[in-house]
Amino acid sequence: MPMPQSDKIWFNGRLVNWEDAQIHVLSHVVHYGSSVFEGIRCYDTAAGSAVFRLREHIRRLLDSAKIYRMEVPYTEDELCAAVLETIRENRLKACYVRPIVYRGYGALGVIPFECPVETVVAVWEWGQYLGADSLEKGVSVCTSSWNRVAPNTLPFLAKAGGNYLNSQLVKMEALTNGYDEGVVLTTDGLVSEGSGENIFVVRNGTIYTPASSYSILPGITRHTAITLARDLGLRVEQRAIPREFLYIADEIFFTGTAAEITPVTAVDKIVIGTGSRGPVTQRVQEAFFEVINAQVDDRHGWLTFVN
């Protein structure tokens, strides 16, 4: 599927034409994966276009840059404003938002300090990441033969471009073998996450999810799902999850900006629950979509309206 395009990209503080947002082939990021980024969604809600948890995403972007010693020349407020400006300029009611900070053209070699830090915001229309009907029918996943890297190897609290080389291997393996997605284990054989999603497991009415110490990116949609589940009176525990616990789960679901709340209906060809979206997943999913569509009071302050 070709890359969707919009009109303008925010490139180091100014809006440029989509086709003019280019970098040099010898930029540091091309050779060493030295970027940090975010994935954010803007929704066409009943009350107008709104970006979901914008400030939390931008805060994490700056935190990721700090971990990698990138000095971003923009404040949190300036980057939030850049996102809203770019959406308005492209006249999009709903879109995916990609802010990215990377090391540009300056010098080659592992040491990056002579390379400038570039900051970009792009927006485009993007549908359901795991398929148009996946929110209801769910997806089939496999346990990947690839592991997540061990703690203190790469910092998984940072949403860094280089981390996603691992995710690419997981996703390609899953698709090649006929699955929609892969589940990654830690080097200790415990459940970590999907290639680009956090995972939740429901058993006997309790929701379990791996804690941040299990080489996960602590997702913002993950935090949203935990908050909404507790608002619904559901019990949520962050803990170690062995692989075989997936097979005997009543329900499993993924969370992520792109995936939103997506049910998992089979793992390694073992049917989960009834093989369809379960009642707990549906309740969390419905609560999520009520918030992002501005159908209920935004009591957590998660929506930032574009206009």
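**Entry 1. The second largest pocket**

I began with the lining of the second largest pocket, which by class has 13 nonpolar, one polar and one charged residues. In this classing Ala, Val, Leu, Ile, Met, Phe, Trp, Tyr, Cys and Pro count as nonpolar, Asp, Glu, Lys and Arg as charged, and the others, Gly among them, as polar. I note that the model is predicted: local features need pLDDT of at least 70, side-chain atom pairs count only at pLDDT 80 or more, and totals for chains, interfaces and linings use all residues. Residues are numbered from 1 along each chain as its sequence is written, and side-chain values use heavy atoms, with hydrogens and water left out.

I looked up the volume of the second largest pocket and found about 330 Å³. Its lining is made of 15 residues, and Ala 21, Ile 23, Ile 100, Tyr 102 and Val 120 lie nearest the centre. Two or more lining residues come from each of strand 1 (8–11), helix 1 (28–32), strand 6 and strand 7 (117–124). Helices (H or I, at least four residues) and strands (E, at least two) are DSSP runs, numbered from the N terminus.

I recorded how a pocket is found: on a 1 Å grid over the protein atoms alone, a pocket is an open set of points where a 1.4 Å probe fits, with protein on both sides within 12 Å along at least five of seven lines, and lining residues have an atom within 4 Å of a point. Grid points are joined across faces, edges and corners, and a volume is the space filled by probe spheres set on the points.

**Entry 2. The largest pocket**

I then turned to the largest pocket, with a volume of about 760 Å³. I counted 36 residues in its lining, with Phe 37, Lys 159, Tyr 164, Ser 195 and Gly 196 nearest its centre. Among the elements that give two or more residues to this lining are helix 2, strand 6 (95–103) and strand 10 (191–194). Helix 5 gives the most, with six residues. By class, this lining has 12 nonpolar, 16 polar and eight charged residues.

**Entry 3. Helix 2**

Helix 2 (residues 54–67) has 14 residues and reaches 20 Å from its first C-alpha to its last, close to the 20 Å expected; the expected span is 1.5 Å times one less than the number of residues. I listed its buried residues, among them Leu 54, His 57, Arg 60 and Ser 64. Buried means under 20% relative accessible area, exposed over 50%, partly exposed in between (1.4 Å probe, protein chains only). Arg 69 follows helix 2 and has a positive phi near 60°.

**Entry 4. Strand 9 and its partners**

I found five of the five residues of strand 9 (residues 181–185) buried. Glu 181, Val 183 and Leu 185 point one way, Gly 182 and Val 184 the other. Strand 8 runs parallel to strand 9 and is joined to it by four bridges; two strands pair if DSSP finds at least two bridges between them. Strand 9 and strand 10 run antiparallel, with three bridges, and Leu 185 has Val 191 as its bridge partner in strand 10. In their hairpin, which has five residues between the strands, Gly 189 takes a positive phi near 85°.

**Entry 5. Positive phi in loops**

Asn 152, not a glycine, has a positive phi of about 65°. I placed Asn 152 in the loop between strand 8 (139–147) and helix 5 (164–176). Is Asn 152 buried or exposed? Asn 152 counts as exposed because its relative accessibility is 82%. Asp 268, also other than glycine, has a positive phi near 55°, and its place is in the loop between strand 15 (260–267) and strand 16 (270–271).
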